[in-house]
Amino acid sequence: MIEAVIWDFGGVLTTSPFEAFARFETERGLPADIIRRTNAHNHWENAWAKFERAEVDLETFDRLFAAESLALGAEVRGKEVLPLLSGDLRPEMVEALTRVKARFKTGCITNNLPANAIGSHSGRSLYVAEVMALFDHIIESAKIGLRKPDPRIYQMMVATLGVDPRRCVYLDDLGVNLKPARDMGMTTIKVANAPQAIAELEAATGLVLR
C-alpha cells in the first residue's frame with residue numbers, strides 16, 4: 001500500500017538540462033559530456049555540490065567549476081553553465097502529480113542553487129507556484145545545506161511526511177540519487193521521459209495518471 005510519492009523536480013517535472021548541455025558543448029567545440037563529467041567527478045565535494053549546498057558564492061563556483069572542467073579536458077566557466085539549467089514543464093507529468101496528490105501524500109526533494117545565483121533560472125524563480133503547491137513538503141538543498149544523494153535528505157522527507165519509506169515511490173532522473181531511496185526501501189523510478197515514468201508510476205500506485 002503506497003502512502004506517498006516523492007519527486008525530484010528538474011529532469012522529472014521539467015525537461016532535462018542534459019540536452020542543453022549537449023548543444024552547448026557542440027556549439028563550443030567542447031569534448032562531449034564535459035559538463036556532466038565535471039558534475040559527476042567527486043560529486044560529494046565538487047563545485048556543483050558546494051554551490052547547491054550554498055557553501056560558496058557565484059564567483060567562487062565559477063572559478064572552481066572552470067578549474068575542475070579543465071582538469072577533465074576543457075575549461076568551462078561555471079557562469080556559462082547556469083543558464084542551461086532551466087527546463088520546460090512537462091504538462092503530462094504535472095497532470096500525473098495532480099492525480100497522485102488526490103490520493104497520496106506528495107513531497108519534492110530538489111538539488112537547487114541559491115535563489116540569487118545571477119544568470120541562473122534556478123532557485124524559486126524556476127518553480128511554477130501552482131505546481132509547487134501540489135507538494136505537501138518541499139526540501140531544497142540550497143536552503144538546508146544538504147543535497148542528494150546524502151541519505152539524510154530522504155530521511156528528513158519521510159519523517160516530515162510521517163510515512164514508511166517502504167510505502168513510498170521516489171522519482172529522479174539520476175541513478176545516483178535513486179540508490180539511497182532504494183536502500184531505504186522505497187520503490188524507485190528512473191525518469192528517462194514522461195511516458196515511461198508515468199507508466200511505471202501507474203504500475204506502482206495502481207492509479208490512472210493520464
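**Nonpolar cores**

Tutor: This is a predicted model. Its largest nonpolar core has 27 residues, and those touching the most other members are Val 5, Trp 7, Leu 13, Met 93, Val 100, Leu 171 and Leu 201.

Student: Which elements give two or more residues to this core?

Tutor: They are strand S1, helix H6 (91-101), helix H7 (129-132), strand S4 (168-172) and helix H11 (194-205). H6 gives the most, with 5 residues.

Student: What does the second, separate core include?

Tutor: That core has 20 residues, among them Phe 21, Leu 30, Phe 65 and Val 81.

Student: Turning to the cysteines, how many disulfides are there?

Tutor: The count is 0. For Cys 108, the nearest cysteine sulfur belongs to Cys 168 and lies 14 Å away.

Student: Is Cys 108 buried or exposed?

Tutor: Cys 108 counts as buried, because its relative accessibility is 0%. Cys 168 is likewise buried, at 0% relative accessibility.

Student: And where is Met 1 placed?

Tutor: Met 1 is in the segment that precedes strand S1 (4-7). With a relative accessibility of 75%, Met 1 counts as exposed, because the threshold for that class is over 50%.

Student: How far apart are Met 1 and Cys 168 in space?

Tutor: Their C-alpha atoms are 8.8 Å apart, although 167 residues separate Met 1 and Cys 168 in sequence.

Note on methods. Residues numbered from 1 in each chain as written. Predicted model: local features only at pLDDT ≥ 70, side-chain atom pairs only at ≥ 80, totals over all residues. Heavy atoms only, no water. Helix = DSSP H or I, 4+ residues; strand = E, 2+ residues; numbered from the N terminus. Buried < 20%, exposed > 50% of the residue type's maximum accessible area, 1.4 Å probe, protein only. Core = buried A, V, L, I, M, F, W, Y, C linked by side-chain atoms within 4.5 Å. Disulfide = S-S within 2.5 Å.
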